[in-house]
Amino acid sequence: AQLQEALAARDAEIADLQAQVQALQDADQRDFLNDNSDQLASIIRTKNQVIQTLQEQLQAEGKDGLAQALDSAAVSAAEVQRLHGVVSELTQQLKAQEVELQRARAERDASAQTARAS
């Protein structure tokens with residue numbers, strides 16, 4: 001009877017710890033996704049600002065300003081390309097985090113099964 005009570009208490013403790021670990025992992029994943037969504041929103045804002053600036057330049061300068069606008073577009077295209085690199089890097093980081101999260105969950109589950117078995 002005491003052994004069963006001790007096992008039940010141990011199982012309850014393990015379940016509580018698993019819930020805490022899951023909550024922390026979920027919070028970490030949400031934070032990571034929120035950080036990246038901010039980065040992506042920033043990239044979109046930058047792209048929209050570049051487009052608006054180019055449109056304003058074309059309207060203000062007319063056809064004579066076309067060459068300058070094209071130069072500005074080339075610079076802007078380079079910035080957009082750089083931002084695409086940032087997005088790609090963040091995507092790779094996200095995938096790595098997902099793999100790490102799955103690995104941690106698998107370890108946690110294996111540990112819980114080992115604890116139950118003993």
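This briefing describes the salt bridges of the structure shown above. The model is a predicted one. The count of salt bridges comes to six. Side chains of opposite charge can pair when their charged atoms come close.

**Pairing between helix 1 and helix 2**

- Arg105 and Asp26 form a salt bridge, with their closest N and O atoms 3.2 Å apart.
- Because Arg105 belongs to helix 2 (residues 66–117) and Asp26 to helix 1, this pair ties together parts that lie 79 residues apart in sequence.
- Arg105 is partly exposed, at 26% relative accessibility, and Asp26 is also partly exposed, with a relative accessible area of 24%.

**Pairing within helix 1**

- Glu13 is joined to Arg10 by a salt bridge in which the closest N and O atoms are 3.7 Å apart.
- The two residues, Glu13 and Arg10, are three residues apart in helix 1 (residues 2–61), so about one helical turn separates them.
- Glu13 has a relative accessibility of 41% and therefore counts as partly exposed.

**Pairing within helix 2**

- A salt bridge links the side chains of Glu79 and Arg82, at an N to O distance of 2.8 Å.
- Glu79 and Arg82 are separated by about one helical turn, because they stand three residues apart in helix 2.
- Glu79 is partly exposed, with a relative accessible area of 27%; Arg82 is partly exposed as well, at 45%.

How values were computed: Residues are numbered from 1 along each chain as its sequence is written. This is a predicted model: local features need pLDDT of at least 70, side-chain atom pairs count only at pLDDT 80 or more; totals for chains, interfaces and linings use all residues. Side-chain values use heavy atoms; hydrogens and water are left out. A salt bridge is a side-chain nitrogen of Lys or Arg within 4 Å of a carboxyl oxygen of Asp or Glu. Helices (H or I, at least four residues) and strands (E, at least two) are DSSP runs, numbered from the N terminus. Buried means under 20% relative accessible area, exposed over 50%, partly exposed in between (1.4 Å probe, protein chains only).
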